[in-house]
Amino acid sequence: MEATGKLPLMTDFEQDDRLKEECGVLGVYTPDQEAARVAFFGMFALQHRGQESAGLAVSDGVRVRMHKDMGLVNQVFNPEVLATLPGHMAIGHTRYSTTGASVLRNAQPIFCQSLVGEIGVAHNGNLINARELRIEMELEGEHFDSTSDTEIIARILVRHMPEGPEKAVAEVMRRCRGAYSVTVLTPKLLLGFRDPYGIRPLTAGRRGDGYMIASETCAFGPVGGTPEHELEPGEMVIIDAEGMRFAMGVEPERKAMCLFEFIYFARPDSVMYGTPLYSARERMGENLALEHPVEADIVVPVPDSGIPAALGYSRVSGIPFREGMMKSRYIHRTFIQPDQSMREMGVRMKLTPLEDHLRGQRVVLVDDSIVRGTTTKQIVKLMFDCGAKEVHVRITAPPIKFPCFYGIDMASKGELAAARMTMEQLTEYLGATSLGYLSIPGAVKAVGKGEDHFCLACFSGNYPLSVPADLTKHAFDDPPAVGEFAAISHGQLRLIES
């Protein structure tokens, strides 16, 4: 396994309070030896789901070769690297760490040896019983090379893959609790599966005479693929020389897709639950206008995620849509650290206001979410500094009051603005003229499914499956001794004996 390149430094003005993407997974089966190249371009479509590291595992039918490193897809791979990865099957991964430190040993895919040959495993999500499983498996003699919960999934698969992929996946689902959409590569087959709650997305489809698996449907089009089947909770897809087939690993617990996939995380050109996300976000804006009307002159989105909802708000309210700021496409990662004066500019490094659009206007400012509130506060100030008369903040996500344990790197409850402030206090803190959040029913209705189809834990505190109260992103940096684990289940504390 090779590792080259450097991780660019993330500048201080990027370390704001935006929600961090989880990970993106991809699988490709091609009739030729170009799987690595196809997967490389498919991974670009999933770059929004993780920018810390990227990796590819490729099989030529005999062995699995791998390359991964810290950085963006185009920083980790080049033509020379891709030429060292011949094969007709591949899995790819773009990572933002939600369990385990952001270091190369935790980059994915995870590589393991097994009785069926070399195995690569890539995972989007978060195991909530990872520490318990790791302790159990270490007591059984298992050795771990990383601090990522993905390696736990990989080690369970390695143990049971000689019994067949169906048995191996069923054993993962029996032992692992949490969110996991996973792709697996062996010398002979490509495998994908989704946890029994379906918290994170995964779709299978075709590409010419071959096949594809991806976190989002937006990854299919750029490489000539066609999405065909969104995996059900607890379902797996197996792809080999005989074709593509589906099987259930376990009966699903319930459907609990993360609602934030629809609000913010997934690309607007993706489709989930049969719903085009751009249209769903427009409807969120429409519902927001019905729930929180206001007299104003223009509706302004926070680019880019606020644009569909702002269009919907404008359509229902009759208030003209107008861009009020432009987003820099190139302030992302850089080797150059800003000095103190530049750090103080904060949001101005990424958003350039259109002052002539804002001056003297009563503005409806539409965005997808508020986490700590610091970024929204800066944007509101920017509006007023440019001469806006009023700034009415409208948010398409319901108030975020509880942390996520299923694959979103979110602030702790004490840092969440909506958890520590009343609506009046938060409005004052933001410096806004008024503040309105879309309700949970309003957001769910926009997607076209009932509340029982979603995980709403970060809004309601009702977690679909219990989570350790002391669970952290760096769960294995200082693993606990075997003992007691406090857990939260539907907002209540209880005790689990390990």
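Me: Which residues is Leu-365 in contact with, leaving aside its neighbours within four places in sequence?

Reply: In this predicted model, Leu-365 is in contact with Val-300, Val-302, Met-325, Ile-379, Val-380, Met-383, Val-391, His-392, Val-393 and Arg-394. Leu-365 itself is found in strand β20, residues 362-367.

Me: What makes these pairs contacts?

Reply: The cut-off is heavy atoms within 4.5 Å. The listed residues, including Val-302, meet it with Leu-365. Along the chain, Leu-365 and Val-302 are 63 residues apart. Their C-alpha atoms are separated by 7.0 Å.

Me: Why is Leu-365 called buried?

Reply: Its relative accessible area is 2%. Buried means under 20%, so Leu-365 qualifies.

Me: What makes a set of residues a nonpolar core, and which residues touch the most other members of the largest one?

Reply: The members must be buried, come from a list of residue types that includes Leu, Met, Phe and Tyr, and be joined through side-chain atoms within 4.5 Å. The largest such core has 79 residues. Leu-259, Phe-260, Phe-262, Leu-365, Met-383, Tyr-406 and Phe-459 touch the most other members. Helix α7, residues 259-265, gives this core its largest share, six residues. Apart from it lies another core of 29 residues, among them Ile-152, Ile-156, Leu-189 and Ile-238.

Me: Which residues is Phe-262 in contact with, leaving aside neighbours within four places in sequence?

Reply: They are Met-257, Met-272, Tyr-273, Leu-277, Arg-281, Met-284, Val-447 and Phe-454.

Me: What is the phi of Tyr-273, and why does it stand out?

Reply: Phi is positive, about 55 degrees, although Tyr-273 is not a glycine. Most residues other than glycine have a negative phi. Tyr-273 is found in the loop between β15 (271-272) and β16 (275-276).

Me: Is Tyr-273 buried or exposed?

Reply: Tyr-273 has a relative accessible area of 14%. The limit for buried is under 20%, so Tyr-273 is buried.

Me: How many helices and strands does the protein chain have, and how much of the chain is buried?

Reply: The chain comes to 16 helices and 26 strands. Buried residues make up 60% of its 498 residues. The accessible surface comes to about 19000 Å², and 52% of that belongs to carbon and sulfur atoms.

Me: What is the average confidence, and where is the pLDDT below 50?

Reply: The chain averages a pLDDT of 86, and 84% of the residues score at least 70. Over residues 1-16 the pLDDT is below 50. That stretch has 48 contacts beyond near neighbours in sequence. Residues 473-498 are also below 50, with 72 such contacts.

Methods: Residues are numbered from 1 along each chain as its sequence is written. This is a predicted model: local features need pLDDT of at least 70, side-chain atom pairs count only at pLDDT 80 or more; totals for chains, interfaces and linings use all residues. Side-chain values use heavy atoms; hydrogens and water are left out. pLDDT is the predictor's confidence in each residue, from 0 to 100. Helices (H or I, at least four residues) and strands (E, at least two) are DSSP runs, numbered from the N terminus. Buried means under 20% relative accessible area, exposed over 50%, partly exposed in between (1.4 Å probe, protein chains only). Accessible areas come from the Shrake-Rupley method with a 1.4 Å probe; for residues, only the protein chains shown count as cover.
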